[in-house]
Amino acid sequence: MNIVVCVKQVPDTATERKLRSDDKTLDRDAVDGVVNELDEYAVEEALKLKEAHGGEVTVLTMGPSRAAETIRKALAMGADKAVHLTDDALHGSDALSTSYAMAQVLKKIGFDLVILGSESTDARTGVLAAMLAERLDAPQLTLAKKVEVEGSQIVIERITDYGFDKVAAELPAVVSVVEKINDPRYPSFKGIMAAKKKPVQTLAIADAEIAADQVGLGAAWSEVVDFAAAPPRAAGTIVKDEGDGGSKAADFLASKKFI
Amino acid sequence: MSEILVLVEHVDGEVKKVTLELLTLARSLGTPAAVWAGPGITDDAKARLAEYGADKIYVAGADEIVDYVVAPKAELLAHLVADKSPAAVLVAATTEGKEVAGRLAVKTGSGVITDAVGLGEGFVADQSIFGGGVNVRSKVSKGTPIIAVRPNSTAPVAAAGAGTEEQVSVTLTASARAARVLERVKQEKGARPELTEAAIVVSGGRGVGSAENFSVIEGLADALGAAVGASRAATDAGWYPHQFQVGQTGKTVSPQLYIAAGISGAIQHRAGMQTAKTIVAINKDPEAPIFELADYGVVGDLHQVVPQLTEEVVKRK
């Protein structure tokens with residue numbers, strides 16, 4: 001099985017994230033980059049499927065040159081090779097442009113299964129997997145908490161508000177995973193050493209037949225009108241419990257008409 | 001005024017509250033038209049949609065609309081966008097609502113905005129990003145604005161609309177029928193409201209201490225008619241099911257009132273609840289960052305404070 005796992009480098013959420021004042025995009029230079037947490041679950045699921053069914057795991061990332069750190073981590077976990085789509089023209093791409101660019105690469109490299117995290121911690125749109133399925137004309141098997149493949153058939157458990165749906169499709173398919181699906185492995189020392197020798201193919205947009213006028217900030221389908229740091233919340237009332245804390249909290253709720 | 005499509009969220013034939021909020025919002029910007037996807041519409045549901053201002057109710061009642069994952073709903077809306085040329089399409093910013101919005105955006109060549117917490121003239125959307133640290137106003141610049149609005153972004157206000165029903169039939173493409181739902185598994189959630197749309201959420205964290213102790217959190221939630229949430233520490237420890245996790249890798253809630261008990265308030269948690277209108281925190285540690293957000297905080301042991309609060313709530317009702 002030819003599995004492509006899409007990973008994204010995101011700013012560490014422990015650091016303060018800002019928008020740039022010039023083009024209103026995320027200031028990625030000002031923060032440490034880490035692998036998007038949910039994508040680590042995607043890598044783990046890809047590795048488990050490979051271990052069970054054979055095949056190859058390819059890491060795909062789109063991002064500036066420093067996103068190579070993210071590729072290295074996925075390779076150290078055990079992925080076989082990587083494709084890094086990187087081009088200045090991609091800067092500022094929104095979800096629509098990103099899904100278009102990624103779909104072009106996926107069409108070029110081919111896949112039986114595409115796996116990614118269900119959401120990134122920076123943009124948090126949660127739409128990329130659905131958009132990829134739409135663009136690739138592949139079944140959308142998103143928000144999976146369990147994935148099972150048998151022959152060309154794939155069945156997942158999709159998280160819903162009421163529990164979950166069992167969903168079936170034929171490969172090739174697009175899968176997104178949620179947090180509780182597995183426990184991502186830590187790269188071993190051997191894995192880290194081996195990752196240095198694994199092939200990483202770098203693509204510019206022209207290499208994947210990505211039209212320059214369909215990506216980047218200029219092509220965005222939506223725009224930021226303005227932004228501001230959220231005003232700090234007005235300082236609240238903090239009381240120490242002297243045996244009447246619950247009662248005092250009830251007074252507060254009553255003053256706000258919640259009870 | 002031009003038509004604004006509102007995709008109806010419904011469960012067991014009942015319209016969810018978030019749809020009434022979306023209709024209220026749509027009324028301020030145009031003429032709302034409700035879109036009912038799937039079988040099971042009732043006279044009560046139609047009356048409810050009309051009561052909150054739906055001028056038209058488009059009903060696509062075929063089973064196959066819900067027999068496959070997301071894609072049929074996107075095809076239905078794309079069909080209506082082509083047919084009715086609406087000024088905008090509003091969906092609830094649930095995980096599935098956002099996926100419908102994403103596919104619809106690709107199909108119609110339109111921009112999409114997710115997780116709006118407010119919507120004004122020219123369909124300029126308010127968003128709260130980076131764990132609530134930055135407020136952004138953004139708008140769609142191409143095609144038909146598609147906007148996923150978070151539950152509790154506005155209070156639902158009734159104002160009658162005509163509620164004229166129109167049947168819609170779409171012929172699904174083969175690709176919309178590629179991911180088939182084999183079985184729907186409903187997990188008990190009792191009588192509590194749904195976490196993402198509840199007006200009040202009571203959440204427990206590490207300080208709760210055990211799975212059994214979550215009954216303290218549930219007791220307060222039930223007294224307030226609230227949903228129960230949990231921090232990642234609590235779900236990772238196995239004290240409460242994962243689907244109730246509030247935070248960065250879990251659910252995002254935006255209720256009128258959020259009560260955090262035994263939750264320190266790390267950025268990962270704040271990202272999931274910071275847009276709550278009123279926040280109450282109960283924690284033993286006076287230095288816990290959750291107190292920076294709290295409108296009201298009690299420094300104390302939740303095992304003392306929460307039962308007392310529950311008792312008072314019941315008494316004063």
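Predicted model: local features only at pLDDT ≥ 70, side-chain atom pairs only at ≥ 80, totals over all residues.
1. An open sheet is formed by ten strands with mixed pairing, and the order runs E11(A)-E5(A)-E4(A)-E1(A)-E6(A)-E10(A)-E7(A)-E8(A)-E9(A)-E13(B). At its edges stand strand E11 (200–203) of chain A and strand E13 (180–186) of chain B, each of which has a single partner strand, so that one side of each is left without a neighbour in the sheet. Averaged over the sheet and with direction ignored, neighbouring strands are turned by 30° against each other.

2. The pairing of E1 with E6 in chain A. Strand E1 (residues 2–7) of chain A and strand E6 (residues 113–117) of chain A run parallel and are joined by four bridges. One of the residues to look at here is Ile3(A), whose bridge partner in E6(A) is Leu113(A). Helix H2 (residues 68–77) of chain A packs on this sheet, where it touches E1, strand E4 (56–62), strand E5 (81–85) and E11 of chain A, and the direction of H2 makes about 165° with that of E4(A).

3. Strand E7 (residues 140–150) of chain A runs antiparallel to strand E8 (residues 153–160) of chain A, with six bridges between them, and Ala144(A) has Arg158(A) in E8(A) as its bridge partner.

4. The peptide bond between Leu171(A) and Pro172(A) is cis, with omega about 0°, and Pro172(A) is placed in the loop between E9 and strand E10 (173–177) of chain A. In chain B, Asp12(B) has a phi near 50°, which is a positive value in a residue other than glycine, and Asp12(B) belongs to the loop between strand E2 (10–11) and strand E3 (14–15) of chain B.

5. The contact between the chains. Chain B contributes 76 residues to the contact and chain A contributes 64 residues. On the side of chain B that touches chain A, the residues divide into 33 nonpolar, 26 polar and 17 charged.

6. A helix pair in chain A. The axes of helix H3 (residues 95–109) of chain A and helix H4 (residues 128–136) of chain A come within 9 Å and cross at roughly 50°, which makes H3(A) oblique to H4(A). Their crossing is right-handed. From H3(A) the contact draws on residues including Leu96(A), Tyr100(A), Met102(A) and Leu106(A), and from H4(A) on residues including Leu128(A), Met131(A) and Arg135(A). The residues of this contact of H3(A) with H4(A) comprise ten nonpolar, two polar and one charged.

7. A helix pair in chain B. Helix H6 (residues 214–224) of chain B packs against helix H10 (residues 302–316) of chain B at an angle of about 20°, with the axes 9 Å apart, which makes H6(B) roughly parallel to H10(B). H6(B) passes H10(B) in a left-handed crossing. Among the residues that meet are Val216(B), Leu220(B) and Leu224(B) in H6(B) and Val306(B), Leu309(B) and Val313(B) in H10(B). The residues of the contact of H6(B) with H10(B) divide into nine nonpolar, three polar and no charged.

8. The domains of chain B. Chain B is divided into domain 1 (3–177) and domain 2 (195–316), and the centres of these domains of chain B, taken over C-alpha atoms, are separated by 30 Å. Twelve residues from domain 1 of chain B and eleven residues from domain 2 of chain B take part in the contact. On the side of domain 1 of chain B that touches domain 2 of chain B, the residues divide into three nonpolar, six polar and three charged.

Methods
Residues numbered from 1 in each chain as written. Chains lettered and ligands numbered in written order. Domains from an automatic or database assignment. Contact = placed C-beta atoms within 7 Å. Nonpolar A, V, L, I, M, F, W, Y, C, P; charged D, E, K, R; others polar. Pairing = 2+ DSSP bridges. Helix = DSSP H or I, 4+ residues; strand = E, 2+ residues; numbered from the N terminus. Axes fitted to C-alpha atoms, helices over the stretch in contact; angles between N-to-C directions. Parallel < 35°, antiparallel > 145°, perpendicular 65-115°, else oblique. Left-handed = near helix turned anticlockwise from the far one by under 90°.
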